[in-house]
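This report is meant for a reader who meets the structure for the first time.

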There are 2 protein chains.
Amino acid sequence: MTFNKDESAGYLANHLARLFARELQARIKPLGLSTGTFPALLVLWEGDGLTQRELIEHLDIEQPTMANTLTRMERDGLIQRRKDPADGRVQRIWLTDQARALEGPATAAAEAVNADALAGLEYEERVAFQATMRRIIATLQAPVGDRGIPARRRAESA
Amino acid sequence: MTFNKDESAGYLANHLARLFARELQARIKPLGLSTGTFPALLVLWEGDGLTQRELIEHLDIEQPTMANTLTRMERDGLIQRRKDPADGRVQRIWLTDQARALEGPATAAAEAVNADALAGLEYEERVAFQATMRRIIATLQAPVGDRGIPARRRAESA
DNA sequence: TAACATTGCATATCAAGCTATGCAAGTGGT
DNA sequence: ACCACTTGCATAGCTTGATATGCAATGTTA
C-alpha cells in the first residue's frame with residue numbers, strides 16, 4: 001500500500017490551514033493586519049498588559065516566534081512594550097488605540113472566513129468537526145507517553 | 001458576543017497544522033528530511049520526471065514556493081533538475097537514489113504521526129473528520145461566487 | 001552574601017509560505 | 001517573418017513558524 005496524501009490527516013490539516021490563511025489574509029489586509037498578528041490581537045483584545053510569556057501560553061507559539069511577531073506589531077503601531085515596574089525582566093504588552101479600533105472589523109472578517117469555509121456543512125457536522133479538532137489538538141499537546149489516553153483518565157492518574 | 005478563538009475553525013485548523021508539523025518534523029529530521037519537502041516527495045515517489053507546474057497543481061502551492069523548495073531539495077541531494085529536450089522553458093524533476101531510498105522510512109514516519117494524532121478517535125470519527133476536511137478544502141478552493149454550492153451542482157451549471 | 005539556577009526576553013539563522021516582478025522560450029495571428 | 005501574447009521558471013523581499021543561543025534580572029541555597 002502506498003501512502004496517499006489525500007487520505008492523510010496531517011497533509012489535509014496543512015492544506016486546510018493554508019487555505020484558511022489565504023482567505024483570512026485577503027480579508028484583513030485592507031485593515032492593515034496580517035495573519036500572524038491576529039491571534040495575539042485576539043488575546044490582547046480580551047485584556048492587555050500581558051507578558052510575552054502569558055501570550056505564548058495562550059497561543060502555543062514558541063517564544064522567539066512571539067518576540068518576532070511583537071516586534072512587527074510594535075513597528076506597525078499596534079502595541080507598545082512597557083517595562084514592568086516590579087520585575088526588570090518583564091515587558092508588558094499594551095494595545096494602541098489603533099489596535100483597539102480594529103477589534104470590530106477584524107473579528108467580523110474572521111467570522112466571515114469561518115462562515116464561508118463552513119457553508120455547505122450541516123450544523124451537526126460543524127460541531128463534530130470542531131470537537132474532533134480540539135480532541136486531536138489535545139492529543140498532540142499531551143506528552144508522548146500519554147497519547148491515546150482520554151484527558152479524564154490522564155487527570156486521574158496524576 | 002466576543003470572538004472566541006477556541007471556537008473558530010480557522011484558528012483551530014492553524015493550531016492543528018502547527019502541531020502536526022512539529023510532530024512530523026521530529027520524526028523525519030533523523031532521516032535528513034523536513035516538512036516542506038515532504039509533500040513534493042510524496043508526489044515524486046509516485047512517479048518522477050514531472051515539471052514544476054505539474055508539481056504545484058498536485059500540491060496547491062504557489063509557484064515561487066515550489067521553486068524555492070526544489071532549490072533546497074537539489075542542494076540536499078534529493079532531486080536533480082534536468083532540461084526538457086523538447087521545450088527549453090521546462091525543467092523536469094528527477095529523484096536521486098538517496099531520495100528513492102527514503103520512501104519507506106519517511107512514509108512510515110508520516111503514518112505514525114497520523115496514527116498517533118488520531119489515537120483515541122473511533123473509526124467513524126476519523127472517517128467523518130477527513131471527509132469534512134476534504135469538503136472544506138473543496139469549498140475554499142472554489143471561486144468565491146461558487147461557495148456553498150455542492151460540487152455536483154457546480155459541475156452541472158458549467 | 002557569594003555562587004548557582006531559573007526566568008524572561010532578544011538575536012541569529014533557517015524553513016516554508018506568500019506576492020510582485022522579470023525574463024527567456026514557445027505559440028499564434030497577420 | 002514579425003509582433004504580441006502566453007507559459008515556465010527564477011529572483012527579491014516579506015511574514016510566520018521553528019531551534020539554538022546569549023544575557024540580564026531574579027530566586028535560591030550553601
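The model is predicted. In chain A, strand β1 (residues 50–51) and strand β3 (residues 91–95) pair in the antiparallel sense over two bridges, and within this pairing A:Thr51 stands opposite A:Arg92 in β3(A). Strand β2 (residues 79–83) of chain A also runs antiparallel to β3(A), to which it is joined by five bridges.

**The surface near DNA strand D**

DNA strand D is surrounded by 24 residues, and the closest of them are A:Ser34, A:Gly36, A:Arg72, A:Gly88 and B:Gln52. Of the atoms of DNA strand D that come within 4 Å of the protein, 70% belong to sugar and phosphate. For A:Arg89, a polar side-chain atom lies 3.5 Å from a sugar or linking oxygen of DNA strand D. The elements that give two or more residues to this surface are α4 (63–75) of chain A together with α1 (9–28), α3 (52–59) and α4 (63–75) of chain B. Among these, α4(A) gives the most, with four residues. By class, the residues near DNA strand D divide into four nonpolar, ten polar and ten charged.

**The surface near DNA strand C**

Around DNA strand C there are 25 residues, the closest being A:Arg22, A:Gln52, B:Gly36, B:Arg72 and B:Gly88. Here too, sugar and phosphate make up 70% of the atoms of DNA strand C that come within 4 Å of the protein.

| Residue | Protein atom | Oxygen of DNA strand C | Distance |
|---|---|---|---|
| A:Arg81 | side-chain N or O | phosphate | 3.1 Å |
| A:Arg89 | side-chain N or O | base | 3.3 Å |
| B:Thr35 | backbone N or O | phosphate | 3.1 Å |

Two or more residues of the surface near DNA strand C come from each of α1 (9–28), α3 (52–59) and α4 of chain A, and from α4 of chain B. The largest share, four residues, comes from α4(B). This surface is made up of five nonpolar, ten polar and ten charged residues.

**Chain B against chain A**

Between the two protein chains, 53 residues of chain B are in contact with 53 residues of chain A. Together the chains bury about 5200 Å², of which 64% is on carbon and sulfur atoms. B:Phe3, B:Ile136 and B:Leu140 supply 13% of the area that chain B buries against chain A, which is more than any other three residues supply.

Four salt bridges are counted between chain B and chain A, and one of the pairs that form a salt bridge is B:Arg22 with A:Asp60, whose closest N and O atoms are 3.2 Å apart. Across the same interface, 23 residue pairs are in polar contact, with both residues at pLDDT 80 or more. On the side of chain B that touches chain A, at least two residues come from each of α1, α2 (37–45), α3, α6 (103–118) and α7 (123–141). With 14 residues, α1(B) gives the most to this side, which by class has 24 nonpolar, 14 polar and 15 charged residues.

How values were computed
Residues numbered from 1 in each chain as written. Chains lettered and ligands numbered in written order. Heavy atoms only, no water. Pairing = 2+ DSSP bridges. Near = heavy atom within 4 Å. Polar contact = N/O pair within 3.5 Å; in protein donor to acceptor, adjacent residues only side chain to side chain. Nonpolar A, V, L, I, M, F, W, Y, C, P; charged D, E, K, R; others polar. Contact = heavy atoms within 4.5 Å. Buried area = accessible area lost by both parts, 1.4 Å probe. Salt bridge = Lys/Arg side-chain N within 4 Å of Asp/Glu carboxyl O.
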